[in-house]
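Visitor: I would like to learn how to read a few features of a model. Where do we start?

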Amino acid sequence: MKGQILVVDDEPDMLLLLERIITEDTDHKVETTTDPMEALERVKNGAYDLVITDLKMPKMDGIRLLESIKAQDPTLAVVVMTAFGTIETAVEATRKGAFDYISKPFRRERILVTIENVISFQSVTRENRALREALNKQDGFASLLGVTPVIRDIFSRIRQVAPTQGTVLITGPSGTGKELVAKALHAHSRQKDNRFVTINCTAIPENVLESELFGHVKGAFTGAWKDKRGLVEDAHGGTLFLDEIGDLSTILQTKILRLLQEGEYRPVGGNVTRKADIRFIAATNRILKQEIAKGRFREDLYYRLNVINFELPSLAERRGDIPLLSYHFLRKYAGINGKRITEIDPQAMQRLMTLDYPGNVRELENIIERGVIFCRTETLITEDLFLDRERSDELGTFPASLSQLPFKDAKDQMIAIFHRQYIDQLLRDNDGNVSRAAQKAGIQRQYLHRLMKEAGIQTDDYKDVPDDEILESGMD
């Protein structure tokens, strides 16, 4: 970026020299003056990124000018130069806020590097300040943050949908903030003064989930020694958020459908039908149309839920929000851990911008939390994030025994391991259908059969395999 520089020196020849160096070798704009008092007036009325000042001047020395500039604008960078440099004056200038201290005569490269360092620092500082201001302004949707078009569109739709009674289905990968959207919808709804009740359909065993949802009467089952309210009753007049509804059993799907259609339910073991006045919001990371095709999700329930759909983007689809989210999590975890950490080093931010984030926003949050815990200064640096160790784990464990083999033999064994693991997951994804698996892999069906035979894989092992059954594969 182009910077605005003011040079102050009582020697006109030095001003000419510095002006020539800056204009010939950079795109920055430069102004000069021999009068420190005039320099103060210009700083007061102008917008500079850097002031370069001599130390020894008749009307006001460079240290006093430095103090006066910092009093007017603490963010303005000042570099002090002198031909009478001592360690004491360098320490004093630095202690009073000088960005750098340069001894005369100086090499051309020295002044140019210093200028570029200052302009780069000022650019990052301004960006960080803008991010903090954006964080302070974004209080309408709690922790749901973003400035990219895709997330701003979601904000706009939340404002439209929240005041209505429409049932909402929130879809998207894990870690994208589905519960935050649900909470934002409730917070801006007509039910906002009543309860927001969440039930995670995967966290509670199926035999307990019905009782948790609808409650039960005394004696309904062993251990039901008194009547118990369900979450549906707790949510009366408010919002019920059904998280991971794609994992709900078909039996409970039927009962949820009745609740949606009729607004009625019965506690477990009860004979009396009860009414429920509830705003329904559901979320899932599954592709429900695929679940319907496999007979795992009721089509009529899907259409009851999918009145209004919010499809949340992955973090990779909204990379422009990473800096804002990073500073939000920095502020959050610095506060939780009692640390004064206010900045993220530009190299660390650049690294954060290039990651893949299979865990989406939740993964970014975990990375920043870890960084805050290991950070020892006021600035988060790349080393604090321990990214290299995390990424190396994703490569898997290299069998130590292979390093004892000749290269060709080790390579053949690693290829065999890859074939088995790849084909295993491929057949799982396609329910053992070899033709479909081959098409997805982009290879001939006959070639896939040959690879399966070499790996000792049978298609019968993959017919209707439950999603939570994990086949261990690899070397014996």
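Guide: Start with burial: at 6% relative accessibility, Ser 211 counts as buried, the term meaning under 20% relative accessible area, with exposed over 50% and partly exposed in between (1.4 Å probe, protein chains only). This is a predicted model, in which local features need pLDDT of at least 70, side-chain atom pairs count only at pLDDT 80 or more, and totals for chains, interfaces and linings use all residues. Residues are numbered from 1 along each chain as its sequence is written, and side-chain values use heavy atoms, leaving out hydrogens and water.

Visitor: Which side chain makes a polar contact with the side chain of Ser 211?

Guide: A polar contact is a pair of N or O atoms within 3.5 Å; within protein, one must be able to donate a hydrogen and the other to accept it, and residues adjacent in sequence count only if both atoms are side-chain atoms. Here the partner is the side chain of His 216, at 2.7 Å.

Visitor: In which helix does Ser 211 lie?

Guide: Helices are DSSP runs of H or I, at least four residues, numbered from the N terminus. Ser 211 lies in helix H8, residues 206-214.

Visitor: How far apart should the ends of helix H18 be?

Guide: The expected span is 1.5 Å times one less than the number of residues. For the 23 residues of H18 (407-429) that gives 33 Å, and the end C-alpha atoms are 33 Å apart, so the two agree.

Visitor: What do the buried residues of H18 pack against?

Guide: Contact means heavy atoms within 4.5 Å. The buried residues of H18, among them Ala 410 and Ile 417, pack against helix H19 (434-441) and helix H20 (445-455).

Technical notes:
Helix = DSSP H or I, 4+ residues; strand = E, 2+ residues; numbered from the N terminus.
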